[in-house]
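Colleague: I have just opened this one and would like a short tour. Could you walk me through a few places?

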Amino acid sequence: MSLTYESGLFLMLTLTAVSLGIFAWSRRHTTNAMNTTWLMLTVALWMLALAMELQSPALETKLLWVRVQILAQVNIPLLVFTITLTHTEQKSRLTSFSHAGLAIMSVLTLGVAIFKLPWILAPRLDAVIATGIPLDFEYGGWFWILQFYAYLLFIYSAFMLFMYIWHSAHPYREQTTSLLFALLLPISSNVLHIFDLVTVNITPFATMLSGGILTWNLTQYLIFDLIASGRETLTHNMHEGFIVIDAIGRIQDLNPSAAHVLGQPATALNRQLISDLAALHPLQPHLDQKQACEMHLILDHPDGKRHYQTTITPLSSRRGDHTGHVIVLQDITPQEQAQEALVNKERQYAELIERVPVGIFRTTVNGEFLETNTALIQILGVPNRETALQHNALEFIPETNLEIWEQLLNGKTRTIHNAEIQLQRADASLTWVSLSVQAVADALGNIEYYTGALEDITAHKLTELELRDSERRGRAILQAFPDLMLVIDRNGICHDWYAANTDSLATPANQLIGANLCNILPEPFAKRVIARCQQVIENGAMGVWEYPLLLGDAVRQFEARIVPYGDDKTLSVIRDITERKLAEERSRAYAARLEILHDLDRAIIEAQAPEVIAEAALQRIRELIPCQGSNIVTLVPHIAGGYVLASSSDIDPPLLPVGTQITTGNPFLTRDGIAQLRRGEVLQFANAAEYLSQIPEVTSIHKTRIRTLLIVPMRARENLIGIINLISTEDNAFSGEHLAVVQEIAASLAIAIHQSDLREQAQRETAAKTTLLEDVKHRVNGYFATILSLLLREEFQARKLHQQWQTGAGARSDGARVAQVYETAIAQLSQRVEGLATVHKMLSKTQWQPISLDALADEVIDNTLAALPEDQFIKVDITPSPVRVNAKSASSLALILHELTTNSIKYALKQRSQGQITLSISAEPTPEAPPEAQMLTVCLEFRDDGPGYPEPVLQLKDIDVGLQLIEEIVRRDLRGHLNLHNDHGAVTRIFFRVSEGGMNQV
């Protein structure tokens, strides 16, 4: 879609407004700048919405951008009002409460624009909907409220600006007048547009022009910087004293600070001649001058002499006649004292700088010396200070160290602390120095100069380098032999050793040097070590050898690295690798264990029946743990015992075959044992013969062969669902690692079996519930169909009887009336039953779960109103509510809503063709209910716009059958109470209680 000319124009205005806002934001430290920024951004949003409205081809899209325009327009008067209060020094009125009050209109307008846009603007029926054409609107009631609100703020703002102009001095009048003109522009253009006095809406352009005026004031009048202050702030609160004298030298005005300087009250000094004041005699010669001048005045005070910077400015009338002088006295005593102290400090500092043995300097940003001391001259090797000042600091820094200075120049750092570098002296020799540099910046952050210090560390550096090199060599040797180092010759004699830990030595350390390996180690092993040393000496290459060695009671693993050391010696580095070997072995075993457990988990996931899962688990357990038999027993709560789910055994026959029933009297499942297993404890019997002898089913073969028994609980969600039994023909057959493996398998197996049981239980319960609901649904539908059939048949008979009596003799007129009453009663009863049928259908759809009260009301009221003639209409407005009701309460409320709707049809539409029904539902906590009850009181309010209830009915006297039925249902079924009153129609309120968990159900 191509951009139209009008849309492009408004987009340009949007960019202009954003630019003005950014310009104002750049001066955000000044008064009102941020307010102007928000105003321009709001105007930008308005312009953008206008452009998008013109560019949109559909009505819905245009209305969306119209809402955005309304949101922007409603905030413009508020921002203008804030700018005015700030400019006129009345910002204190903008309290939190007033802010909230002003924001109410914006919030309300936003809600109306979103939900009830026709209240503000409604498109005309004949409006043209096309790209590039603005919508033609009719103004709603809220639009005029908005206009009244905007004009009220604009008019009050204009009034404040006008009064401010009236009481301000000339400079402030000009800036405030420009503000007033900027304010009146959009007001005038808006009035012309609303009352159709112009054919084109120029309000956006006028608003943009106002924003331009505000921005122009930023530079022309400094509107955000130049704000008038009151005389009290300018004179009485200022620290400087000022005196106004007339042409003959008489004091006409002075502030308290000036009276304090002269040591007399202001009332005593007023109208005195300045020549009579001895303290001001030094000013007398300057009072004849026609130009402003300054002088230094020293006055005596009780606390000592005070220094004043005095400014004398002549005053002239508009015709140029001399009218007097203004004398300003500024106390500069602290500055004078500080200046004197500074001079002393600088002298002391200069003497200190010259005496310190460290070179001190100050340079420009480019490195040119500004100041140096004697120590720096000696370090650089220049003859004197004058020669040093002719050099640049960068001339003494080698290129390899220039990166430090470049960091300062590039702004990467402003401080260098104790950087050790080499300097090239004036005689081209190199010296080591410790350099510290600090960048000194002005108030704006710009670097003015660098100051720093140099310390000659050449001697210290050379010593440090030599020591570091020696330490590096020694550390390299020690790091190469971290554990044990031996120097052994070709005959097996030990000449030297080094050990980080002497525990790895086969003999005491004090007996090692000079000893022969054959006397320390077993002879066969010592001969192999000597042979390897001889081989390394002959080959000249390093040899690596791994070997086991018995140290104490344990066999440990070692790695020896042997290299030649001289002509007939070797240097051996021996490292204890026992832990590494054990870790490698554990890693291999753990990898195999993880692989088997992974296969087990996959078998558990793929299997469905608990028996299949148990068989797969037992197979993996037998692979992981050496045992001669295992079985899995599941517990069945309703038989107070269990049965063997799976069994695997090398012993024939197995200990407990599959399907064996086990009760709690069996030693496998004693009550104490069950309690321990439920707590997650493992039962392990190192000598199982005594335990198995208590089980009659166990054969003598089992009792003699089985030595160890392990019982591991299977728990899911802290519930014991079974056990795993492992048997072995060896004593103490199961280790802690075996126990950990079985516990992991038991946890996975318990979850799998529990989930399988839950799945089967859920399927059974779902099938039973579905069957039950379908049966109830068919039965109730049949009951309702039978009742409706009977009622319709009775209604037909009553109508037929009525017709017969109407065609008969006049004596039957009473019978006709009785038949008519009977017909009406049957019809009403039929409608009530239809309402109950409606509730039943809704409950059936939700499977008799609680249903929403507002949905129930909507369905019942619509079904009741379906019987209205075509020439009558009732509008229904139901407020949404989270309250839900159960099946019993839904039936009662359906009858109540049916009766109330029928009553509104009878009386609210009497002699009318249209009516209104409004239903609202609210819920609040019940104050008298105890906290544990958590009760809510629900209020169901049903109102129509009819004539209302008669007075006797309001007192629940002389009420018809329908209201009697409502009162009885509320009191008996809902346990609530009924309230009737009139408020522009009949209002019925029904109060009843629900549980708070049940905002969901009654």
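**A sheet and some residues**

Modeller: Keeping in mind that this is a predicted model, we can begin with S15 and strand S16 (residues 554-564), which run antiparallel and are joined by 9 bridges. Within this pair, Leu 550 stands opposite Val 555 in S16.

Colleague: And what is the order of the strands in the open sheet?

Modeller: The open sheet is formed by 5 strands in the order S14-S13-S17-S16-S15, with antiparallel pairing. Its edge strands are strand S14 (494-499) and strand S15 (543-551), each of which pairs on one side only. From one strand to the next, the twist averages 25°.

Colleague: Which strands does helix H17 lie across?

Modeller: Helix H17, made of residues 523-539, lies across strand S13 (484-489), S15, S16 and strand S17 (569-576), and the helix runs at about 165° to S15.

Colleague: Changing topic, is Glu 941 buried or exposed?

Modeller: Glu 941 counts as buried, because its relative accessibility is 14% and the cut-off for buried is under 20%. The residue lies in strand S28, residues 935-944.

Colleague: Which side chain does the side chain of Glu 941 join in a polar contact?

Modeller: The side chain of Glu 941 is joined to that of Arg 989 by a polar contact of 2.7 Å. Leaving aside residues up to four places away in sequence, Glu 941 touches Thr 918, Leu 919, Ser 920, Val 987, Thr 988 and Arg 989.

Colleague: What about Asn 631, buried or exposed?

Modeller: Asn 631 has 4% relative accessibility and therefore counts as buried. Its place is in strand S18, residues 629-636, and a polar contact of 2.7 Å joins its side chain to that of Asn 725. Not counting residues up to four places away in sequence, the residues that Asn 631 touches include Leu 618, Val 644, Leu 656 and Asn 725.

Colleague: Now the backbone: what is the phi of Asn 418?

Modeller: The phi of Asn 418 is near 50°, a positive value in a residue other than glycine. Most residues other than glycine have a negative phi. Asn 418 is found in strand S10, residues 415-424, and with 44% relative accessibility it counts as partly exposed.

Colleague: Where is Arg 975 found?

Modeller: Arg 975 is found in the loop between helix H28 (961-972) and strand S29 (977-982). Arg 975 also has a positive phi, near 55°, and because its relative accessibility is 73%, this residue counts as exposed.

Methods. Residues numbered from 1 in each chain as written. Predicted model: local features only at pLDDT ≥ 70, side-chain atom pairs only at ≥ 80, totals over all residues. Heavy atoms only, no water. Helix = DSSP H or I, 4+ residues; strand = E, 2+ residues; numbered from the N terminus. Buried < 20%, exposed > 50% of the residue type's maximum accessible area, 1.4 Å probe, protein only. Polar contact = N/O pair within 3.5 Å; in protein donor to acceptor, adjacent residues only side chain to side chain. Contact = heavy atoms within 4.5 Å. Pairing = 2+ DSSP bridges. Axes fitted to C-alpha atoms, helices over the stretch in contact; angles between N-to-C directions.
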